[in-house]
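Here is a friendly walk through one protein model, written for someone who likes to know the cut-offs behind each term. Please keep the viewer open while you read.

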Amino acid sequence: MEWFSQQPVVLQAFIAGLFTWGCTILGSSVVFFFKTVSRKLLDIMMGFAAGVMIAASFWSLLAPALEYAEPTYGSSSWIPVSIGFLVGGFFLRGIDALVPHLHLSSDISNKEGVETKHKLSKTTLLFLAITIHNIPEGLAVGVAFGALANHLPGSSLIGAIGLAIGIGLQNIPEGAALSIPIRTDGQSRWKAFYYGSMSAIVEPVGAVIGAVAVMTVTSILPYALAFAAGAMIFVVVEELIPESQTNGNTDVATLGLMVGFVIMMILDVSLG
């Protein structure tokens with residue numbers, strides 16, 4: 001920890017991004033041990049990931065954004081936070097509309113129509129979906145570490161590390177949720193592992209971009225934090241929650257969400 005705390009902020013963000021990517025790699029590695037995973041377990045894992053992201057969006061992103069905005073905006077600190085939050089959601093919606101991809105809840109074994117429409121395999125479309133949704137996670141980590149460079153009130157190394165740990169935890173089931181369907185579709189274990197792992201390579205890149213952005217222009221910090229939160233909430237509501245609730249496992253998936261929320265809340269409040 002002492003060595004890590006002495007490193008430049010951008011390097012810290014990059015290492016944290018590598019950690020979250022590593023968690024995705026860990027989750028993807030389940031294909032070497034199982035060809036299929038219980039649907040109920042996957043739904044619980046997706047619910048857990050959703051809970052972690054919801055809690056992280058508030059305690060690690062929106063709450064600090066409001067605090068950072070207060071010295072400049074006073075009682076109107078909600079303005080930059082609201083703008084950033086909405087722009088984050090619309091940004092993800094724009095990417096969803098522009099980049100062909102497939103929702104996790106789609107049946108990967110049913111290839112008819114999708115390949116003809118998009119001229120891409122379902123494996124590629126699933127990979128693009130997860131990759132798109134990993135972008136805001138990397139940015140969130142980078143922004144949290146970038147705030148440290150300006151010594152702003154409320155920013156803390158432990159809090160930024162807590163956010164990275166929380167995102168890493170939810171990346172484990174996310175990696176499995178991509179690699180397992182690819183393996184079930186008949187692809188090799190190595191190919192399924194490769195796609196699952198590489199879907200999060202954008203996270204260390206996004207972490208560096210987020211850190212450099214807020215270090216360069218301090219005034220955008222509230223907007224950047226809220227932007228990451230809005231993008232993450234979009235992913236949760238548009239992808240993770242529907243995915244966990246459409247297979248008849250609503251109760252356990254909801255409990256998984258609550259457990260994920262509490263764990264991330266504890267990490268952020270106790271470490272931050």
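**Ground rules**

This is a predicted model, in which local features need pLDDT of at least 70 and side-chain atom pairs count only at pLDDT 80 or more, while totals for chains, interfaces and linings use all residues. Residues are numbered from 1 along each chain as its sequence is written, and side-chain values use heavy atoms, with hydrogens and water left out.

**Overall make-up**

The protein has 11 helices and zero strands; here helices (H or I, at least four residues) and strands (E, at least two) are DSSP runs, numbered from the N terminus. Read from the N terminus, the order of elements is therefore simply α-α-α-α-α-α-α-α-α-α-α. Out of 272 residues, 50% count as buried. Buried means under 20% relative accessible area, exposed means over 50%, and partly exposed lies in between (1.4 Å probe, protein chains only). Among contacts in the protein with a separation of 6 or more, 83% come from residues 24 or more positions apart, where contact means heavy atoms within 4.5 Å.

**Helix 7 and its two partners**

Two packed helices are described by the angle between their axes and the distance between the axes. Axes are lines fitted to C-alpha atoms, for helices over the stretch in contact, and angles run from 0 to 180 degrees between N-to-C directions.

Take helix 3 (residues 39–73) and helix 7 (residues 157–184): their axes come within 9 Å and cross at roughly 155 degrees. Helix 3 and helix 7 are therefore roughly antiparallel to each other; angles under 35 degrees count as roughly parallel, over 145 as roughly antiparallel, 65 to 115 as roughly perpendicular and the rest as oblique. The crossing of helix 3 and helix 7 is left-handed, a term used if the near helix is turned anticlockwise from the far one by less than a right angle, with right-handed used if clockwise. On the helix 3 side, the contact includes Leu42, Met45, Phe48 and Val52, and on the helix 7 side Leu163, Ile167, Gln170 and Pro173 are among the residues involved. By class, this contact of helix 3 with helix 7 holds 15 nonpolar, three polar and one charged residues. In this scheme Ala, Val, Leu, Ile, Met, Phe, Trp, Tyr, Cys and Pro count as nonpolar, Asp, Glu, Lys and Arg as charged, and the others, Gly among them, as polar.

Helix 7 also packs with helix 8, at an angle of about 150 degrees and with axes 8 Å apart. That makes helix 7 roughly antiparallel to helix 8. The crossing of helix 7 and helix 8 is right-handed. Helix 7 contributes Gly175, Leu178, Ser179, Ile182 and Arg183, and helix 8 contributes Arg189, Ala192, Tyr195 and Gly196. The residues of this contact of helix 7 with helix 8 divide into four nonpolar, three polar and two charged.

**Aromatic rings**

How many aromatic pairs does a search of the whole structure find? The search finds eight. Rings of Phe, Tyr and Trp (its six-membered ring) pair if their centres lie within 6.5 Å; planes under 30 degrees apart count as stacked, over 60 as edge-to-face and the rest as tilted.

Phenylalanine 91 and phenylalanine 227 form a tilted pair, 5.3 Å centre to centre with 50 degrees between the planes. The pair links distant parts of the chain, 136 residues apart, with phenylalanine 91 in helix 4 (residues 78–98) and phenylalanine 227 in helix 10 (residues 221–245). Tyrosine 194 and tyrosine 195 make an edge-to-face pair, 6.0 Å centre to centre with 80 degrees between the planes. Elsewhere, ring pairs link Phe32, Trp190 and Phe193 into a cluster.

**Single residues**

The table lists relative accessible areas.

| Residue | Relative accessible area | Class |
|---|---|---|
| Phenylalanine 91 | 35% | partly exposed |
| Phenylalanine 227 | 18% | buried |
| Tyrosine 195 | 18% | buried |
| Serine 197 | 5% | buried |
| Isoleucine 79 | 32% | partly exposed |
| Arginine 189 | 33% | partly exposed |

Serine 197 sits in helix 8 (residues 189–198). Not counting residues up to four places away in sequence, serine 197 touches Trp21, Thr24, Ile25 and Ser28.

Arginine 189 also belongs to helix 8. Leaving aside neighbours within four places in sequence, arginine 189 is in contact with Val31, Phe32 and Arg183. Arginine 189 and phenylalanine 33 are 156 residues apart in sequence and 9.2 Å apart in space, C-alpha to C-alpha.

Isoleucine 79 lies in helix 4.
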